[in-house]
Amino acid sequence: MRQRLCIFDDVESHELFSECRLSKDILEAWSVDWQGHALGHFSKALLNAVENTGTPDGSTVRRIRTTVHAFERQADALIQQMCQVNVRGTSMSMGEAIQLGILDASTVDRIQAFPEVCSDLNWTFWHRLQRFFCVL
């Protein structure tokens, strides 16, 4: 006879929902660092969608969903660019940029100034936005 094992864990209700934190600073940096590329255009469009009004409401969510949907054809390029550093028109990994001396990792302040780069091609901000706003 098999016995069933039940595991109980206290979970806060807010922990059951996806969370997507994408700061305005990151979007602004991407719009500059990736100007003329898919990620630069996407970040500008997303900034416009968010900044249209002062307070988040249903129309803000609709604008974000519309923006994400509009860039679906460029998803592969967005994902690749979110995982790379754009240096002088050449995209490369964070590790390569450090090894080549393009990014200076000699102090904590310089490391903190590194551009935002996603480390997992399968879980970038693009994936999080799609999951959070149910644009699948």
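**Exercise 1.** Decide whether aspartate 104 is buried, partly exposed or exposed, and find its salt-bridge partner.

*Solution.* Aspartate 104 has a relative accessibility of 34%, and it therefore counts as partly exposed, where buried means under 20% relative accessible area, exposed over 50%, and partly exposed in between (1.4 Å probe, protein chains only). Next, look at its side chain, which meets that of arginine 110 in a salt bridge at 2.4 Å, N to O; a salt bridge is a side-chain nitrogen of Lys or Arg within 4 Å of a carboxyl oxygen of Asp or Glu. Finally, arginine 110 is likewise partly exposed, at 45%.

Before going on, note that this is a predicted model, in which local features need pLDDT of at least 70 and side-chain atom pairs count only at pLDDT 80 or more, while totals for chains, interfaces and linings use all residues. Residues are numbered from 1 along each chain as its sequence is written, and side-chain values use heavy atoms, with hydrogens and water left out.

**Exercise 2.** Work out which residues are linked with Lys24 in a network of salt bridges.

*Solution.* Begin with lysine 24 and glutamate 28, whose side chains form a salt bridge at 4.0 Å, N to O; both residues lie in helix α1 (residues 24-33), 4 residues apart, about one turn of the helix. Helices (H or I, at least four residues) are DSSP runs, numbered from the N terminus. Then take lysine 24 and glutamate 51, which meet at 3.1 Å, N to O; this pair links distant parts of the chain, since glutamate 51 lies in helix α2 (residues 38-51), 27 residues apart from lysine 24. The network therefore consists of Lys24, Glu28 and Glu51.

Terms used: Helix = DSSP H or I, 4+ residues; strand = E, 2+ residues; numbered from the N terminus.
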